[in-house]
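User: I would like to learn how to read strand pairing and a ligand shell. Please take me through one case.

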Amino acid sequence: MSGPYARIAGTGSYLPETVMTNHDLELLVETSDEWITQRTGIKKRHIAGPHESTSDLALAAARSALAAAGRAARELDLIVVATTTPDRVFPSTACLLQEKLDVHGCPAFDVQAVCTGFVYALGVANNFIRAGQSACALVVGAETLSRLIDWTDRSTCVLFGDGAGAVVLEAATEPGLYSTQLHADGSYANLLTVPYGVSQGYDRVRQGDAFIEMRGNEVFRVAVNTLGRIVDETLEHNGMSKEDVDWLVPHQANHRIIEATARRLGLPMERVVVTVDEHANTSAASIPLALDVAVRDGRIRRGELLLMEAFGGGFTWGSALVRY
Ligand code: ACO
């Protein structure tokens, strides 16, 4: 493998101001802090304000990542936004973000792979940089999942939150990003879905009646098996072993899924970045949010090897192996 490679020049994130705790949810549906904590590890989640959209969250995270990278927005030559909850049907959230950043001309587009979106977006941006088509790319995961939740359905409303995370990738002579492994299997579409959209059931969307539906048990089982396999696939692909990994930065859906993946890697939980307790499941935003938290609090240091992995609707799943 020869250069150019992509390296993470800076990370950033943003969480909306309003916090909703498990106790707040007890007032909405028949649930308890104890049930939610035991089954998921979640204690609270952030909820976007009525006038805050996905591109607003993305903008705050992007500005923070650009500052950390010591880069100006005008240096960007690619913008990729991973989101399941775009501001509009079109233009893409990436184009709206581009305008808010006041940069013009570079390619900007969204990637939709639900909770695996950030890893997919990272893979796309990596390929642009590896091909010499980009030297400074912004990759964002941003979500306002609270807009897709039926707040009377206790089986889903306790699980999700809003937020955004971003990285600035730049071309470098050494990795950086070793590889992304990306997968999907649409035969599982109905286990985790919002079953309405533009060309199917648009009336339901217009009535505000299109919400996340999930068969939690089945999702859980497939997620644990799949994530275990992708850990092995990633290490094997790069000729590395479990001992080489310094940090697991997983998608934050459920504490028990994260623990199962860490066990498979033989990593103690002290080497796993966990934010699901504070953020809940923010879908495509969860990995870059967790990454930024651990970079800023000094846990993740330059030169360390990070394994990111995610699983989500589609089903989609994937991983990224990164020397930070
Ligand atoms: N509070 C109290 N009780 C509840 C709640 C709640 N919020 N939600 C469900 N229950 C009840 C159910 O009604 C059921 O009651 P019953 O036995 O009387 O029928 C009981 O709790 C057990 O329900 P299960 O669904 O079997 O509970 P389980 O142990 O599977 O936990 C959970 C549910 C937490 C959703 C789990 O299945 C899970 O985490 N699955 C993975 C979901 C996930 O991570 N999805 C996202 C991944 S992909 C992505 O990120 C988009």
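User: How many bridges join S11 to strand S12, and do they run parallel or antiparallel?

Analyst: Two strands pair if DSSP finds at least two bridges between them; strands (E, at least two residues) and helices (H or I, at least four) are DSSP runs, numbered from the N terminus. Here S11 and S12 (residues 305–312) run parallel, joined by four bridges. Val 249 stands opposite Met 308 in S12.

Analyst: This is a predicted model: local features need pLDDT of at least 70, side-chain atom pairs count only at pLDDT 80 or more, and totals for chains, interfaces and linings use all residues. Residues are numbered from 1 along each chain as its sequence is written, and side-chain values use heavy atoms, with hydrogens and water left out.

User: What is the order of the strands in the open sheet?

Analyst: The order is S8-S13-S12-S11, with mixed pairing. Strands S8 (177–184) and S11 (247–250) are the edges, each pairing on one side only.

User: Which residues come nearest to the ligand?

Analyst: A residue is near a molecule if one of its heavy atoms lies within 4 Å of it. Of the 23 residues around the ligand, Thr 31, Arg 39, Cys 115, Asn 254 and Asn 281 come nearest. Helix H8 (216–237) and S12 are among the elements that each supply at least two residues of the shell; H8 gives the largest share, four residues.

User: Where does a backbone atom of Arg 154 lie relative to the ligand?

Analyst: A polar backbone atom of Arg 154 is 2.9 Å from a nitrogen atom of the ligand. For Gly 216, a backbone N or O atom lies 3.0 Å from a ligand nitrogen atom.

Definitions and conventions: Polar contact = N/O pair within 3.5 Å; in protein donor to acceptor, adjacent residues only side chain to side chain.
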